[in-house]
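Hi everyone, thanks for coming along. Let me put the sequence and the structure up on the screen, and then we'll walk through a few spots together.

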Amino acid sequence: CRALLDDLDNLKLRKEMQIASMLAGMAISQTRTAIAHSISYPLTYTYNVPHGLASSFTLEAITLKLKEEKVLDKEEQKILDEVVNLLQRFPLKKMIKKYLNLTQATDLVSEMYHPERMKNFLLKLTELELKQILISSFNG
């Protein structure tokens, strides 16, 4: 993925990304989505936030929550740290603020807290913890 970001014209890497995207979509169709998507849907249908942005801007805060709760082994944490490093290359906080502010986002917490998707997350979160993830995602 990093190599593709550095070489967007690389057709081989773009093909590999398309295959990865297709496989991810197939997996999601079988298992349903989890917390990041649960957060994203109300943002997209209420404020027209693009799906990729709505699904990704909270990933760093979600990863930090997993790290705090110590539910991952060393290898899993290493992988998530790499994901966070990749995400930090994008101005996600700045981008999300073009569509809505923190208050508008937190006003949607009850819609974001979808029980079926929350079951697909490693932690049992409360609506307050979900709100804290949003606050961290907006403010850093």
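Let me start with a question: does Lys 70 count as buried or exposed? Lys 70 counts as exposed, because its relative accessibility is 72%. For the cut-offs, buried means under 20% relative accessible area, exposed means over 50%, and partly exposed is in between, with a 1.4 Å probe and protein chains only.

A quick word on what we're looking at. This is a predicted model, where local features need pLDDT of at least 70, side-chain atom pairs count only at pLDDT 80 or more, and totals for chains, interfaces and linings use all residues. Residues are numbered from 1 along each chain as its sequence is written, and side-chain values use heavy atoms, with hydrogens and water left out.

Back to Lys 70. Lys 70 sits in the loop between α5 (59–69) and α6 (74–87). The helix names come from DSSP runs numbered from the N terminus: helices are H or I with at least four residues, and strands are E with at least two. Just after α5, then, Lys 70 takes a positive phi of about 55°, although Lys 70 is not a glycine. As background, most residues other than glycine have a negative phi. Asn 48 is another residue to look at here, with a positive phi near 60° in a residue other than glycine. Asn 48 lies in the loop between α3 (35–47) and α4 (51–56), and Asn 48 counts as exposed because its relative accessibility is 61%.

Now let's turn to α5 itself. Which residues of α5 are buried? They are Ala 61, Ile 62, Thr 63, Lys 65 and Leu 66. What covers them includes α3, α6 and α11.

Let's take α6 as a partner. α5 and α6 pack at an angle of about 155°, with their axes 10 Å apart. Axes here are lines fitted to C-alpha atoms, for helices over the stretch in contact, and angles run from 0 to 180 degrees between N-to-C directions. α5 and α6 are therefore roughly antiparallel to each other. In these terms, under 35 degrees is roughly parallel, over 145 roughly antiparallel, 65 to 115 roughly perpendicular, and the rest oblique. The crossing of α5 and α6 is left-handed; left-handed means the near helix is turned anticlockwise from the far one by less than a right angle, and right-handed means clockwise. On the α5 side, the contact is made by Leu 59, Glu 60, Thr 63, Leu 66 and Lys 67, and on the α6 side by Gln 77, Leu 80, Asp 81, Val 84 and Leu 87. Contact, by the way, means heavy atoms within 4.5 Å. By class, this contact has 5 nonpolar, 2 polar and 3 charged residues. Ala, Val, Leu, Ile, Met, Phe, Trp, Tyr, Cys and Pro count as nonpolar, Asp, Glu, Lys and Arg as charged, and the others, Gly among them, as polar.

Thr 63 counts as buried, at 7% relative accessibility. Leaving aside neighbours within four places in sequence, Thr 63 is in contact with Gln 77, Leu 80 and Val 84. A polar atom of the Thr 63 side chain also lies 2.8 Å from the backbone oxygen of Leu 59. Leu 59 is partly exposed, with a relative accessible area of 27%, and Leu 59 touches Ala 36 and Leu 87, not counting residues up to four places away in sequence.

Next, α11. How do α5 and α11 pack, and at what angle? The angle is about 125°, with the axes 8 Å apart. That makes α5 oblique to α11, and α5 passes α11 in a right-handed crossing. Ala 61, Ile 62 and Lys 65 in α5 meet Glu 129, Ile 133, Ser 136 and Ser 137 in α11.

Let's finish on Ser 137, found in helix α11 (residues 127–139). Ser 137 is buried, with a relative accessible area of 2%. The side chain of Ser 137 reaches the backbone oxygen of Ile 133 at 2.8 Å. Beyond neighbours within four places in sequence, Ser 137 is in contact with Phe 57, Thr 58, Ala 61 and Lys 93.

Terms used
A polar contact is a pair of N or O atoms within 3.5 Å; within protein, one must be able to donate a hydrogen and the other to accept it, and residues adjacent in sequence count only if both atoms are side-chain atoms.
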